[in-house]
Amino acid sequence: MRVGVHINRFDNSGGAHALGAELAAAGAAAEAAGVSWLSVMDHYFQMEFNGGAEDPMLEAYTTLGYLAAQTSTIRLGALVTGVTYRHPGLLAKIATTLDVLSGGRATLGIGAAWYDREHEGLGVAFPPLAERFERLEEALRICLQMWDPEVNGPFEGKHYRLAETLCVPAPVSSPHPEIMIGGSGEKKTLRLVARYGDACNLFATSPEEVRHKLDVLRGHCETEGRDYDAIRKTVAYSGAPATEGDLDAFTRDIGGYTKLGIDTVILSPRLGETSAWMERFVAPAAGRLAELA
């Protein structure tokens, strides 16, 4: 079991001028700690439960590009991009650029979007949930078509129409950047994981709940003719032990997930400055997780 880190706050004590240096330090600390995954949120506004819309929020893919230049081994992605934030053709191009410039370390994290305030605030359309899921599936199909070197043709969907699906240069990752579909909805989201995803991300609510979600995913994989074991399983952990630095309590919390086939536990502490916390807590936590069987 490996450890990942999700940077979800940018309220650095030094203000905006210190953010670049803090992110560079976080990237260096993550690689030194043996972290396998580093992500940022993809939101226009900071979330209400994480400080509120008036708190700092950086644009995700600009931030990931910066982190790509500051790191050399760690996998990078957004956790996760709302399908409504960018046109799918542009999103595929953005993810490809990150993959090329990072040497094949990009993951496309994507979901149906949910934060209505930021859409309304910046004048971005926020269609009903059913339509957002339709758009999500079309976006996944568009990305896969753009990443297929044998195809450069039109795409005709209900919500998106592309005359060409040209993507040059092609991604460095083979056969394409990893697709991580975030969310745990049993009827739609996990079905999309089985059909299109290379990885899923679930909340670490409890081992029993995660086991149930994975059983649902397995059922969808059987229906879709997909190899369940080929999908990388990750969980997002935001428990108090991670923020408080209680390594023993954290290890006890995670112990129940060890038999579920979880590849990566992504730590999501609500901290404005993460580099020192990575050195203090994440490095020993990565060692503990590596020993769990």
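Guide: Let's start with asparagine 201, which counts as buried because its relative accessibility is 8%. Buried here means under 20% relative accessible area, exposed means over 50%, and partly exposed is anything in between, with a 1.4 Å probe and protein chains only. Before going on: this is a predicted model, where local features need pLDDT of at least 70, side-chain atom pairs count only at pLDDT 80 or more, and totals for chains, interfaces and linings use all residues. Numbering runs from 1 along each chain as its sequence is written, and side-chain values use heavy atoms, with hydrogens and water left out.

Asparagine 201 sits in strand 9, residues 199-203. Strands (E, at least two residues) and helices (H or I, at least four) are DSSP runs numbered from the N terminus. What does asparagine 201 touch, leaving aside its neighbours within four places in sequence? Its contacts (heavy atoms within 4.5 Å) are Leu79, Met180, Ile181, Gly182, Gly183, Thr234, Val235, Ala236 and Ile266. For a sense of distance, leucine 271 is 70 residues away along the chain, and the two C-alpha atoms are separated by 21 Å.

The peptide bond from leucine 79 to valine 80 is cis, with omega near -15°. Valine 80 belongs to the loop between strand 3 (75-78) and strand 4 (81-82). There's another cis bond to look at, joining serine 174 and proline 175 with omega about 5°; that proline lies in the loop between strand 7 (161-162) and strand 8 (178-182).

Valine 80 also takes us to aspartate 42, whose contacts beyond four places in sequence include Val80, along with Ala60, Tyr61, Ala78, Thr81, Gly82, Tyr85 and Arg86. Aspartate 42 is in the loop between strand 2 (37-40) and helix 2 (60-70), and it counts as buried because its relative accessibility is 2%. Its side chain makes a polar contact of 2.7 Å with the side chain of threonine 81. Another polar contact, also listed at 2.7 Å, joins the side chains of aspartate 42 and arginine 86. A polar contact is a pair of N or O atoms within 3.5 Å; within protein, one must be able to donate a hydrogen and the other to accept it, and residues adjacent in sequence count only if both atoms are side-chain atoms.

Next stop, a few other spots on the chain. Alanine 113 has phi near 75°, a positive value in a residue other than glycine. You'll find alanine 113 in the loop between strand 5 (106-111) and helix 4 (116-122), and at 13% relative accessibility it counts as buried. Valine 282, in helix 10 (residues 275-291), is buried at 0%. Outside four places in sequence, valine 282 touches Val3, Val5, Ala33, Val35, Leu267 and Trp277. Threonine 251, in helix 9 (residues 247-255), is buried with a relative accessible area of 19%; leaving out residues up to four places away, its contacts are Arg288 and Leu292. Valine 151 counts as partly exposed at 32% and lies in the loop between helix 5 (129-146) and strand 6 (155-156).

Now zoom out. The chain comes to ten helices and eleven strands. Its radius of gyration is 18 Å, close to the 19 Å the globule rule gives for 293 residues, so it is as compact as a globular protein of that length. That radius is taken over C-alpha atoms, and the rule is 2.2 Å times the number of residues to the power 0.38. Along the principal axes, the C-alpha atoms fill a box of roughly 55 × 45 × 35 Å. Buried residues make up 55% of the 293. Of the contacts with a separation of 6 or more, 74% are between residues 24 or more positions apart.
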